[in-house]
Structure formats: C-alpha cells, structure tokens
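Welcome! Take a look at the sequence and the model first, then read on.

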Amino acid sequence: MHPLHHPLFIRFIIHFNEEQDYFECHEVGEEYWKAVAPKNKLHPLTGWIQLAVGMYHWRRSNYPGALRSFIRSKVKLASGGEWVEGFDQELLIKNISNAIEAVTERKPFSPFPIPVTSKELKKTVKNYHAANPTVDQDPYYIMHKHRLRDRSSIINLREQRKRRNLEL
C-alpha cells in the first residue's frame with residue numbers, strides 16, 4: 001500500500017478537504033507520523049501536519065503561527081518525494097505560497113483543498129468517506145477546538161510529569 005493510502009492519511013484528507021477541520025488533520029497526521037517516523041521532524045509527513053496547523057492558525061487570525069507553519073510546510077512538501085505522489089504538487093506549493101503571502105499581508109482566511117490527482121486515491125477517499133460519514137460540527141467549535149475540547153487527560157499527564165520531576 002502506498003503510504004498516503006493509509007487510513008490515517010485518508011482521514012487527514014477528509015478532515016482537510018471536506019470538513020475543513022484542521023485541528024483533526026493535525027491529530028490524525030501526528031498519530032500517523034508517530035507510527036511512521038517518530039521524532040523525525042524533517043520527515044515529509046510533518047509538512048502535511050504543518051500545513052494543517054497553518055490553516056488552523058490562519059482561520060483563527062494567528063498570523064505569526066500560520067506563517068511559521070506554512071513556511072516549514074512548503075519546504076518539506078516541495079521535496080516530499082513519495083509523500084506528495086498523487087497530488088498536484090505544483091498547485092499545492094502555489095497554494096501554500098499564496099497562503100504565506102496572504103498571512104504576511106494579514107488577509108482574511110481563505111481555505112483551499114489539497115489537490116488530489118490520483119484516481120485511486122480519490123476513490124479510496126470517496127469509499128472511506130462513504131463508509132464513515134462525517135457529522136456536521138459547529139463552525140465555532142471547529143475554529144477553537146484546541147481550547148474547547150476536554151483537556152483533562154492532558155492536564156493530568158502534565159501534573160504526573162511535574163510530580164515525577166519533583167520526586168527526582
């Protein structure tokens with residue numbers, strides 16, 4: 001199986017193109033990255049993750065965060081090798097470049113899709129989406145998901161780490 005046909009990346013595409021839920025893109029992208037190339041921050045998959053993070057920040061008008069993410073994404077996806085196969089890489093890089101220009105000029109958020117060109121990948125995405133239909137979510141929730149989600153497990157983990165560090 002081509003690495004971009006993995007179910008986690010298929011979900012990434014659906015979250016990005018269909019739902020514009022960039023926070024979930026980041027989550028599933030990171031889960032896949034941890035399975036494929038943990039701790040390798042130069043891996044092209046991190047370029048996809050940074051693209052989603054850039055879109056999330058841009059929509060929330062966090063222009064500095066969006067700019068940093070887009071610049072890093074562009075570098076990694078421009079030389080992504082097999083990790084950009086099945087996409088119009090030229091259009092993808094052009095869209096990222098346009099996003100960099102837009103956030104630099106503090107322009108309002110303007111979403112763009114990941115340009116899938118592979119018929120096989122399009123079919124895989126369509127079949128997965130049909131088998132796993134998405135539920136409409138409140139746009140406000142999608143926009144501010146990192147602040148509105150249940151963070152109790154994250155907070156508990158941080159507290160455990162603090163306690164461990166104090167015990168050492």
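Predicted model: local features only at pLDDT ≥ 70, side-chain atom pairs only at ≥ 80, totals over all residues.

Read along the sequence, the protein chain runs α-α-α-α-α-α-α-α-α. Residues are numbered from 1 along each chain as its sequence is written, and side-chain values use heavy atoms, with hydrogens and water left out.

**The chain as a whole**

- Of the 168 residues in the protein chain, 40% are buried, meaning under 20% relative accessible area with a 1.4 Å probe, protein chains only.
- The accessible surface of the protein chain is about 10000 Å², and carbon and sulfur atoms account for 52% of that; such areas come from the Shrake-Rupley method with a 1.4 Å probe.
- Contact here means heavy atoms within 4.5 Å.
- Among contacts between residues at least 6 apart in sequence, 68% join residues at least 24 apart.

**Helices H3 and H5**

- The axes of helix H3 (residues 44-59) and helix H5 (residues 89-104) come within 12 Å and cross at roughly 35 degrees; axes are lines fitted to C-alpha atoms over the stretch in contact, with angles running from 0 to 180 degrees between N-to-C directions.
- On the H3 side, the contact is made by Trp-48, Leu-51 and Trp-58, and on the H5 side by Leu-92, Ile-96, Ala-99, Ala-102 and Val-103.
- The residues of this contact divide into 8 nonpolar, no polar and no charged; Ala, Val, Leu, Ile, Met, Phe, Trp, Tyr, Cys and Pro count as nonpolar, Asp, Glu, Lys and Arg as charged, and the others, Gly among them, as polar.

**The largest nonpolar core**

- This core has 42 residues, and Trp-48 and Phe-70 touch the most other members; a nonpolar core is a set of buried Ala, Val, Leu, Ile, Met, Phe, Trp, Tyr and Cys residues joined through side-chain atoms within 4.5 Å.
- H3 gives the largest share of this core, 8 residues.
- Leaving out residues up to four places away in sequence, Phe-70 touches Leu-51, Gly-54, Met-55, Trp-58, Ile-96, Ala-99, Ile-100 and Val-103.

**A histidine in helix H1**

- His-15 lies in helix H1 and is buried, with a relative accessible area of 12%.
- Neighbours within four places in sequence aside, His-15 is in contact with Gln-20, Asp-21, Glu-24, Cys-25 and Val-28.

Terms used
Helix = DSSP H or I, 4+ residues; strand = E, 2+ residues; numbered from the N terminus. Buried < 20%, exposed > 50% of the residue type's maximum accessible area, 1.4 Å probe, protein only.
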